[in-house]
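The entries are in the order in which I took up each topic.

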Amino acid sequence: KLPMVGEGENLIPTIHVKDLARLVKKVANSRPEAQYILGIDRSPEPTQKNIIEAISKGVGTGLVESLADVPKEPFYQQQPASYNKYSIQEASWKTLLQVDLKMKPSVLLVPVDEEGNEEEGGGDFEWHCKSGISANIEKIANEYCNVVGLKPIKIFLNGPPLSGKSYFGKLLSNHYNITHVTTKEVIKHVEALP
């Protein structure tokens, strides 16, 4: 299960690194007048829960668990005797996932008219993942797998009858979250073919 801090209703603004790089290039080339530029995607509901569930479904088991024992204050505000090296590391990622920021992207990403409404067509920014992590998890997972060279897991077990092939196959399929295909299923499928 992928952990989620608290109930996960907090908003976490995100942006794909390619979109951020394109925004930086655009800023360097155009020198906008705005002093602050918020580079975030157009995810309709960027809640921690939606992001964690999408990641879990995209690259894991699809299961999420809520961590209820989350300290209200960040680790650096706790009493020194109450934390050690490991609790600091654990509290650091928990603190990051407790961010709750409702933000609007810069007009460089989403142009607006005089009344502050988003213009139709979305301007000239070339998005890679405009709708956010949750909507593009498959694309992001494929990019990650290509960069680090991950390939799908395929395991073939062979052995004499009653040697434990089915038992260990089921254990492996549960552990790696992959499909477990038995000889009986394959034979039934082949027999059902016209």
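**Entry 1: model and fold.** I noted at the outset that this is a predicted model. I then looked up the secondary structure and found 7 helices and 2 strands in the protein chain. Reading from the N terminus, I recorded the order of elements as β-α-α-β-α-α-α-α-α. I also looked up burial: of the 194 residues in the protein chain, 24% are buried.

**Entry 2: largest pocket.** I asked what volume the largest pocket has. Two or more lining residues come from each of the elements α6 (165-176) and α7 (183-192). Which element gives the most to the lining? I found that α6 does, with 5 residues. By class, I recorded 8 nonpolar, 10 polar and 2 charged residues in the lining of the largest pocket.

**Entry 3: salt bridge.** I searched for salt bridges and found that the structure holds 1. The partners are the side chains of Asp124 and Lys26, with an N to O distance of 2.8 Å. I placed Lys26 in helix α1 (residues 17-30) and Asp124 in the loop between α3 (85-96) and α4 (132-135); the pair is 98 residues apart and links distant parts of the chain. Is Asp124 buried or exposed? Asp124 has a relative accessible area of 64%, and I therefore class Asp124 as exposed, the cut-off being over 50%.

**Entry 4: nonpolar surface patch.** I looked up which residues make the nonpolar surface patch of about 670 Å². The members are Ile153, Ile155, Leu157, Tyr167, Phe168, Leu171 and Tyr176. I located Phe168 in helix α6.

Entry 5: I found Leu96 in helix α3. Leu96 counts as exposed because its relative accessibility is 60%, against a cut-off of over 50%. I then looked up the separation of the C-alpha atoms of Leu96 and Ile12, and recorded 9.2 Å. Along the chain, Leu96 and Ile12 are 84 residues apart.

How values were computed: Residues are numbered from 1 along each chain as its sequence is written. This is a predicted model: local features need pLDDT of at least 70, side-chain atom pairs count only at pLDDT 80 or more; totals for chains, interfaces and linings use all residues. Side-chain values use heavy atoms; hydrogens and water are left out. On a 1 Å grid over the protein atoms alone, a cavity is a set of points where a 1.4 Å probe fits but cannot get out, and a pocket is an open set with protein on both sides within 12 Å along at least five of seven lines; lining residues have an atom within 4 Å of a point. Grid points are joined across faces, edges and corners, and a volume is the space filled by probe spheres set on the points. Helices (H or I, at least four residues) and strands (E, at least two) are DSSP runs, numbered from the N terminus. Ala, Val, Leu, Ile, Met, Phe, Trp, Tyr, Cys and Pro count as nonpolar, Asp, Glu, Lys and Arg as charged, and the others, Gly among them, as polar. A salt bridge is a side-chain nitrogen of Lys or Arg within 4 Å of a carboxyl oxygen of Asp or Glu. Buried means under 20% relative accessible area, exposed over 50%, partly exposed in between (1.4 Å probe, protein chains only). Patches are made of residues with over 30% relative accessible area and no salt bridge: like charges are joined within 9 Å, nonpolar side chains (Val, Leu, Ile, Met, Phe, Trp, Tyr) within 5 Å. Accessible areas come from the Shrake-Rupley method with a 1.4 Å probe; for residues, only the protein chains shown count as cover.
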